[in-house]
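Open the structure in your viewer and keep the selection tool ready. This tour goes from stop to stop.

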Amino acid sequence: MKRIVISILCLMTICALRSSFAAERDVAIEPSDNSFAVVNVRDFGAVCDGVTDDTAAFQKALDSLGERGGAVEVPQGNYLIAGQLNVPKAVTLRGPWAAITSHNGFRDRGLPKPTDDGATLLITGNAGNEDGKAAITLNTNSVLQGVVLYWPEQNHNDVPKPYPWGIQMRGKNPAVLDVELLNPYNGIDASKNERALIRNVHGQPLRRGIFVDAIYDIGRIENVHFNPWWSMHPKLFGWQQANGEAFVFKRTDWHYVLNTFCFGYSVGYRFGGSESGVCNGNFLGIGADSCHTSVLVEQSAVFGILITNGEFVAMHGDNPTEVVVGKDNFGSIRFSNCAFWGPSEQIARIDGRGTVGFSDCEFCEWDRNNQGKEAITVKGGSVMIRGCNFQADKKQVKIEKTTRRAIVTDNFVRGAVRIESECDNTRIDGNLGN
């Protein structure tokens, strides 16, 4: 009898535990107002045929997440965006790409086009109006990920048509991840925000790639490559080479830029100033190929622009030069372990009141027309050239009398040492020719 009672009690206990576990399980899977929600843009009316305007359906899906945040999924297909999208705070707009893709089927026959696969947003709004509202605006903690942005009305055989920014980043911690900007006139406006993250972005911006200004807390740009995958037609690409600027930095505090590259622009990296101030930052493993000016420094902060492991090539237009430092610069720029080649006219032209340093750098090609031009001309400020290798048997450095001070020491040169100084405050020693 006791055994029967004990067995009944055990059975009742097991049943109670099972009921408790089931209740906990039911509560766990029941969504709450604070849960992370995922919605599908097609459930809000997106037609996905590349012809019907899906702007309203996208915005309805984004707004449905309200204040709680979440993700709007964009399945494979072509979505016409004739208006503008605003991604609310803590909302992610994401397509199926888990890594950045490439579509150069317009340039190379037989390779994929942007409308062949993945999720492609066809941007047509504000054509001809560069100052119009951006196609997509990101806000605090909002993310754009895994999609292709394509401007189908842009003609790859002609001078490009102006458009506003493809993406505008505002608020705190907005992010652009794994996005292909195939052919924007203006790519990403990464100004007036805090701690923005741009990672894994490829494409061919035609006028400007990334613009940074009014940043008072550290921003990050990683693995961004701008190549002419969409078009190298002489009329369009020639315009890009004469007018394009890949990376533009104005006021920013310690921006961190890693593994970035551009090909075929008038200016690869432009550092300047605005009413907000000037730039300082850490630039590692950056490159600018086939440009007119690889690095243009109009202004920099006294804290310094630090460029390490860079590779720079200038070869197009009149007097192509890898580094140009303007007369208004008052800050510091340092190049460490960088390589420069051409065929360029000069490696660097330096002016202003600031300090420019080259250490452990390779200077490969300059004076492309053999007119007796030196690799580096210094007109103003202070310059340090130490431990570098001048590989061409040509004039190495000219320091004009308007230079404040200069140190040129412990460099290797090919042929004779040809370093000229008109400045009294100059130290030249230890340079070894062969």
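The stops below visit aromatic rings and a surface patch.

This is a predicted model, where local features need pLDDT of at least 70, side-chain atom pairs count only at pLDDT 80 or more, and totals for chains, interfaces and linings use all residues. Residues are numbered from 1 along each chain as its sequence is written, and side-chain values use heavy atoms, with hydrogens and water left out.

**Aromatic pairs.** The structure holds 19 aromatic pairs (rings of Phe, Tyr and Trp, its six-membered ring, with centres within 6.5 Å; planes under 30 degrees apart count as stacked, over 60 as edge-to-face, the rest as tilted). Select F226 and F247. Their rings are stacked, 5.3 Å centre to centre with 25° between the planes. F226 belongs to strand β18 (residues 220–226) and F247 to strand β19 (residues 245–249), so the pair ties together parts 21 residues apart in sequence (strands are DSSP runs of E, at least two residues; helices are runs of H or I, at least four; both are numbered from the N terminus). F226 counts as buried, at 0% relative accessibility (buried is under 20% relative accessible area, exposed over 50%, partly exposed in between; 1.4 Å probe, protein chains only). F247 is also buried, at 0%.

Next, select F237 and F263. Their ring centres are 6.5 Å apart and their planes at 10°, so this pair is stacked. F237 is in helix α3 (residues 234–243) and F263 in strand β20 (residues 252–263), 26 residues apart. F237 is buried at 7%; F263 is partly exposed at 21%.

**Cluster.** Select F312, F335, F340, F358, F363, W366 and F390: they form one aromatic cluster.

**Surface.** Finish at F303, in the loop between β23 (293–297) and β24 (305–308). F303 counts as exposed, at 58% relative accessibility.
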